[in-house]
Amino acid sequence: MQPAPSKRARFLHIIVGGWLLALGGLGCTSPPEHGGTYAAFGALDTIEATDTPRDSALAVLAQLNRTAFDSAFARLDAYAVTRTVRTEQLDTTGATTAYRTRTLRYPPGPGPGTIQRADSAGRFQAGGVLARLTPSQSPRARPGNLAGQALADQPAYLAPRTQEAYRYALRRDSLLDGTPTHVVEAKVRSGERGADRSIRYARLTVDRASHELVGLTTTRASRILLFRERSQITLRLRRAPDAAWVPHLTRVRAVVDVPLRAPRQFRTVSAYRGYAAR
């Protein structure tokens, strides 16, 4: 069963919203459109190289605790934190044609950040249908809850009734910032069983001791009304000074095909550092 169109649309909204936020204030113009198609995203999985039984991977997923992951962005209000965000526009070969970088320092609480550094080059495509998908945002705005958009309430690779659509693998000997973790991979099956799954691949990093989800990468391909979207998203958490799990790195790369326009490919990376409690 596919996610509801409204849920898929919300995922597209947050991706596009991030681009528009990064483009804010640039005064960008649209260069002439060009032909060509974008290359497929690079393979991330190592399923073919593992021989761990499927049941072992499913046992780890059955104990998965999502509390830290789901609340990581809400927890940002408890700290002062520095965020560096870089958005790039890519051509059909994967080369960067424009970029914008900002470094912001956010105080504790819900207030906006202070821009400490900004840099840009090239010309972003702007306007058109994409610009009407989301309201404009201040460049100083606090980051949205990307975790809530990346991980649905019960994605197909976690729901027991739809897990037959995926192959699974488990790596036990992994570390995340010194924390022992399991890494579970799910890859959609070829053929009829996996044909209708929008999430084609998922990699979950799980704290061995607490079973908390502390990292996630997904590859998605879906159609939303007249839009076609292909995306990879990565979220990685880290320990704050008080040992709580907080955002460390987010990475989104996506191609959105819009009717009557050339496909657009963007990549946005945000890195969080300098956590200081209230």
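Six salt bridges turn up in this structure, which is a predicted model. One of them pairs the side chains of Glu-164 and Arg-54, at 3.6 Å from N to O. Since Glu-164 sits in the loop between helix H5 (146-150) and E4 while Arg-54 is in helix H2, the pair ties together parts that are 110 residues apart in sequence.

- Arg-267 bridges to Glu-88, with the closest N and O atoms 2.6 Å apart. That pair links strand E10 (residues 264-277) to strand E1 (residues 79-90), 179 residues apart.
- Asp-207 and Arg-239 form another salt bridge, at 3.6 Å between the closest N and O atoms. Asp-207 is in strand E6 and Arg-239 in strand E8 (residues 227-239), so parts 32 residues apart in sequence get tied together.

**A buried arginine**
- Arg-189, in the loop between E5 and E6, is buried but has no salt bridge.
- Glu-164 is its nearest side chain of opposite charge, 4.1 Å away; a salt bridge needs the atoms within 4 Å.
- The Arg-189 side chain does reach the backbone oxygen of Glu-164, at 2.8 Å.

- Ser-56, Ala-57, Val-60 and Leu-61 are the buried residues of H2 (residues 54-62). They span an arc of only 140° around the axis, so they sit on the same side of the helix.
- Asp-55 and Ala-62, on the other side of H2, are exposed.
- The buried residues of H2 pack against strands E4 (166-176), E5 (179-188) and E6 (199-207).
- The largest nonpolar core has 46 residues, and Tyr-157 is among those with the most contacts inside it. Beyond its sequence neighbours, Tyr-157 touches residues including Leu-61, Tyr-166 and Leu-204.

Note on methods. Residues are numbered from 1 along each chain as its sequence is written. This is a predicted model: local features need pLDDT of at least 70, side-chain atom pairs count only at pLDDT 80 or more; totals for chains, interfaces and linings use all residues. Side-chain values use heavy atoms; hydrogens and water are left out. A nonpolar core is a set of buried Ala, Val, Leu, Ile, Met, Phe, Trp, Tyr and Cys residues joined through side-chain atoms within 4.5 Å. Buried means under 20% relative accessible area, exposed over 50%, partly exposed in between (1.4 Å probe, protein chains only). Contact means heavy atoms within 4.5 Å. Helices (H or I, at least four residues) and strands (E, at least two) are DSSP runs, numbered from the N terminus. The arc is that of the directions from the helix axis to the C-beta atoms. Lys and Arg count as positive and Asp and Glu as negative; His and the chain ends are not counted. A polar contact is a pair of N or O atoms within 3.5 Å; within protein, one must be able to donate a hydrogen and the other to accept it, and residues adjacent in sequence count only if both atoms are side-chain atoms. Lists of a residue's contacts leave out its neighbours within four places in sequence.
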